[in-house]
Amino acid sequence: MVQQSMNAFLQQAGTLLYRYLRKRGLAHEDAEDIVQDTCYKFLLHKNGIHSDKVMSWLYRVATNQFYDLKRQEKRHPTTELEEVQLTSLIHIPEIQMLKKEKLKDIQNTLETLSILHQELLILKYELGLSYKEISALMNKNENTLKTHVRRAREEFTERFKEDIHDE
């Protein structure tokens with residue numbers, strides 16, 4: 001019974017991590033590899049992780065592996081990654097009028113933000129996580145997180161509008 005619940009938990013967590021990694025721009029194979037490696041590391045170290053910090057730990061391990069892969073790609077460039085659907089960022093209220101813009105414009109604008117702001121916008125608007133879920137994942141205070149998300153949204157909106165006017 002415990003094995004079944006562990007498998008169900010890992011499948012659910014793995015799906016969330018996979019979606020997050022794909023939204024960050026990873027190819028299908030790379031995202032699957034990171035999720036598998038993250039779950040494997042969790043199984044090796046699960047006794048040393050507090051139960052209320054498991055999702056935060058999984059998210060951090062997957063994010064660190066994502067950064068490692070990106071650093072490696074900078075040193076050894078490969079073919080360009082396939083485009084990832086980030087169109088639901090258009091659902092930010094201030095961006096409604098701009099929703100006709102191309103996916104590339106959204107991706108380019110997102111990449112100009114800090115890594116924290118990129119992560120927050122993807123977790124909140126792409127994956128649809130609640131502030132409570134994001135605060136548990138990132139191990140941050142919920143009210144502080146709300147402020148960071150608001151700032152990220154405002155910064156994204158401002159930069160997106162500037163990019164549109166520059167064209």
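Let's start with Thr38, which sits in helix α2 (helices are DSSP runs of H or I, at least four residues, numbered from the N terminus). This is a predicted model, where local features need pLDDT of at least 70, side-chain atom pairs count only at pLDDT 80 or more, and totals for chains, interfaces and linings use all residues. Residues are numbered from 1 along each chain as its sequence is written, and side-chain values use heavy atoms, with hydrogens and water left out.

Thr38 is buried, at a relative accessible area of 0% (buried means under 20%, with a 1.4 Å probe and protein chains only).

| Residue | In contact with |
|---|---|
| Met138 | Ser56, Tyr59, Leu116, Glu119, Leu120, Leu123, Leu145 |

Met138 also turns up in the largest nonpolar core, which has 39 residues; Leu21, Leu123 and Met138 have the most contacts inside it. Such a core is a set of buried Ala, Val, Leu, Ile, Met, Phe, Trp, Tyr and Cys residues joined through side-chain atoms within 4.5 Å. Among the helices that each supply at least two residues of this core are α2 (28–45), α6 (131–138) and α7 (142–166).

Now for a helix pair. The axes of α3 (residues 54–75) and α5 (residues 115–126) come within 14 Å and cross at roughly 125 degrees. Tyr59, Arg60, Thr63 and Tyr67 in α3 meet Ile115, Glu119 and Leu123 in α5.

Methods:
Axes fitted to C-alpha atoms, helices over the stretch in contact; angles between N-to-C directions. Contact = heavy atoms within 4.5 Å. Buried < 20%, exposed > 50% of the residue type's maximum accessible area, 1.4 Å probe, protein only. Lists of a residue's contacts leave out its neighbours within four places in sequence.
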